[in-house]
Amino acid sequence: MNARTAPPATPLLIDADTVVRSARTVIATEAAAIRGLERRVDATFVRACQMILACKGRVVVSGMGKSGHIARKIAATLASTGTPSFFVHPGEASHGDLGMIQPDDIVLAISYSGETDELLFILPAIKRQGIALISITGNPNSSLAGQADVNIDGNVATEACPHGLAPTASTTAALVLGDALAVALLEARGFTSDDFARSHPAGSLGRRLLLHIGDVMHSGDDVPRVLVTATLSEALVEMTRKHLGMTAVVEPDGRLVGVFTDGDLRRALDDDGVDLRGATVAQLMTRGPKTIGSDKLAVEAAQIMEKHQIHALLVTDADGCVVGALNIHDLLRARVV
């Protein structure tokens with residue numbers, strides 16, 4: 001083989017103070033751009049929210065280049081916070097994807113200059129369908145702003161790029177305005193954390209907010225339980241068979257009396273006054289153990305275990321009867337903790 005390997009590039013020497021100063025300048029510039037948006041949240045912004053709330057379809061977000069990346073994120077945030085939304089690439093829209101936009105939808109177009117050709121090209125088709133248009137631009141006198149039903153002002157004093165060319169502060173401003181829309185709409189709809197979890201079932205938040213005790217507990221014959229009259233040996237056999245490190249101690253009608261755990265066994269072994277051969281489980285059990293209902297969230301079981309430094313819980317019904325059991329390993333398998 002005659003391929004030549006290029007020599008390793010000589011690492012550039014950089015001045016640490018210059019790098020830090022540059023980074024801090026960018027952060028300060030973009031922070032100032034965000035602060036400047038506050039006074040522009042006015043009746044125009046409220047009108048945009050009212051239009052979206054009245055929309056019977058979806059919010060179609062569109063933008064080109066860096067604004068397109070911001071538009072994708074805004075569409076995703078809207079969709080996950082109660083406002084049905086999706087992104088349409090303006091270039092693809094003029095080649096058939098306009099069919100994705102229906103008369104009941106509303107378009108949110110993002111362009112800092114307000115003169116993006118790909119967006120302007122599809123506006124006549126959008127307008128012919130009577131579709132409402134909201135724009136976020138940095139130029140209220142631009143073509144896009146002029147054709148919009150509502151234009152949200154995303155102008156910034158300067159870009160963070162030292163050449164004033166790369167979209168930096170302006171895209172941050174557009175992103176913040178999109179987040180402001182999403183959260184304002186979320187609150188107006190009364191969107192709750194449970195609603196959020198329903199659109200994030202595979203995420204950790206979804207598991208924490210949607211998974212209930214009944215989904216993870218052991219039930220039926222898998223629940224370790226012995227009668228209050230059982231011997232210590234019988235309780236140990238039940239604990240060994242069910243692999244939860246404890247057993248419920250119940251009355252004949254199933255009502256919970258206490259719990260016998262590995263910890264109770266260790267304490268009994270350390271007590272010279274306990275006759276292990278003749279002892280009953282009722283003599284050694286813990287009375288009034290911590291319990292939880294099957295309708296509670298699994299995360300609540302984790303909180304109880306952490307607070308009381310225990311590793312298992314019994315699940316009881318309204319009558320105090322044992323209907324299930326779970327331990328920390330069940331919560332770990334369900335990825336609740």
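Which elements each supply at least two residues of the lining of the largest cavity? Select β1 (59–63) and α5 (117–128): each of them does. Helices (H or I, at least four residues) and strands (E, at least two) are DSSP runs, numbered from the N terminus.

Before moving on, note that this is a predicted model, in which local features need pLDDT of at least 70 and side-chain atom pairs count only at pLDDT 80 or more, while totals for chains, interfaces and linings use all residues. Residues are numbered from 1 along each chain as its sequence is written, and side-chain values use heavy atoms, with hydrogens and water left out.

**Stop 1: the cavity**

Now select V60, S62, V88, A93, I101, V107, L119, I122 and I126, which line the largest cavity. A cavity here is a set of points on a 1 Å grid over the protein atoms alone where a 1.4 Å probe fits but cannot get out, and lining residues have an atom within 4 Å of a point. The largest cavity has a volume of about 40 Å³, counted as the space filled by probe spheres set on the points. The structure holds one cavity of 30 Å³ or more. Colour α5 next: three lining residues, the largest share, come from this helix. By type, the lining has eight nonpolar residues, one polar and no charged.

**Stop 2: H89**

Select H89, where UniProt, in an unreviewed entry, places the feature "binding site"; such annotations may be inferred rather than shown by experiment. H89 sits in the loop between β2 (85–87) and α4 (90–93). Then find the backbone nitrogen of G91, 2.9 Å from a polar atom of the H89 side chain.

**Stop 3: T171**

Jump to helix α7 (residues 169–189) and pick out T171. T171 counts as buried because its relative accessibility is 13%. Not counting residues up to four places away in sequence, T171 touches K66 and I70.

**Stop 4: the CBS spans**

Finally, select residues 217–276 and 285–337, listed by UniProt under "domain: CBS" in an unreviewed entry. Residues 217–276 are 33% helix and 23% strand, with end C-alpha atoms 31 Å apart. For residues 285–337, the figures are 32% helix, 28% strand and 28 Å between the end C-alpha atoms.

Key
Buried < 20%, exposed > 50% of the residue type's maximum accessible area, 1.4 Å probe, protein only. Contact = heavy atoms within 4.5 Å. 1 Å grid on protein atoms, 1.4 Å probe; cavity = no way out; pocket = protein on both sides within 12 Å on 5 of 7 lines; lining within 4 Å. Nonpolar A, V, L, I, M, F, W, Y, C, P; charged D, E, K, R; others polar. Polar contact = N/O pair within 3.5 Å; in protein donor to acceptor, adjacent residues only side chain to side chain.
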